[in-house]
Amino acid sequence: MEKPSISSWSSSLLASLTACTLGLATVPVRAQQPMYRPIPIVSGQVVEDILSEQDIPTGDGGFSRDYRVRLESGDQVTIDLMSDEFDTIVILLSADGSTVGENDDGPDGTTNSLLFARIVEGGDYVVRVRAFGETGGGKFTLKVTRLRPVDD
């Protein structure tokens, strides 16, 4: 019995690998879905939600949840974040990720947050809800309101 030569063996291997490679090349490729998707909200909408360990880790031992809101140039907005279960922090981020404003404790003496901001450039903004430090999470209420001038 004659042993196959190295060249015939390598030719067989090369042919198999080529067929396999061509087969892989015909598999349809699907774009990956982005993992980061802030939850869309609109001005005036009251959001009742829960901040949990399933949300975005902050690196401080806590978690955050992001909401996307469309704001127009010249808008003046208030962002109310209230919870009886954790110490809230609200952050407003522009489309490029820079911080427009942030509030930890509102003027009412509680650990709820109240942020006022004037929007210079229209576009999508992110409202980030988070807990202070490692205070955990729980139920919260969020409301973004565009302030309108009162007509006389």
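Me: In what order do the 4 strands of the open sheet stand, and what is the pairing sense?

Reply: Some ground rules come before the case. This is a predicted model, where local features need pLDDT of at least 70, side-chain atom pairs count only at pLDDT 80 or more, and totals for chains, interfaces and linings use all residues. Residues are numbered from 1 along each chain as its sequence is written, and side-chain values use heavy atoms, with hydrogens and water left out. Strands are DSSP runs (E, at least two residues), numbered from the N terminus, and two of them pair if DSSP finds at least two bridges between them. Here the order is 2-10-5-8, with antiparallel pairing.

Me: Which strands stand at the edges?

Reply: Strand 2 (46-51) and strand 8 (113-118); each has a single partner strand, so one side of each is left without a neighbour in the sheet.

Me: How many bridges join strand 5 and strand 10?

Reply: Strand 5 (residues 76-82) pairs with strand 10 (residues 138-147) over 7 bridges, in the antiparallel sense. To find your place there, look for L81, which has L142 of strand 10 opposite.

Me: Now the side chains: how many salt bridges does the count come to?

Reply: The rule asks for a side-chain nitrogen of Lys or Arg within 4 Å of a carboxyl oxygen of Asp or Glu. That gives 5 salt bridges. One of them joins R65 and D55, at 2.8 Å from N to O. R65 sits in strand 4 (residues 63-71) and D55 in the loop between strand 2 and strand 3 (56-57), so this pair ties together parts 10 residues apart in sequence.

Me: Is R65 buried or exposed?

Reply: Take the cut-offs to begin with: buried is under 20% relative accessible area, exposed is over 50%, and partly exposed is in between (1.4 Å probe, protein chains only). R65 is buried at 16%, and D55 is buried too, at 13%.

Me: Which residue forms a salt bridge with D66?

Reply: R128, with the closest N and O atoms 2.8 Å apart. D66 lies in strand 4 and R128 in strand 9 (residues 123-131), so the pair ties together parts 62 residues apart in sequence. D66 is buried at 4%, while R128 is partly exposed at 24%.

Me: And which residues join into one network?

Reply: D49, D55 and R65, through salt bridges that share partners.
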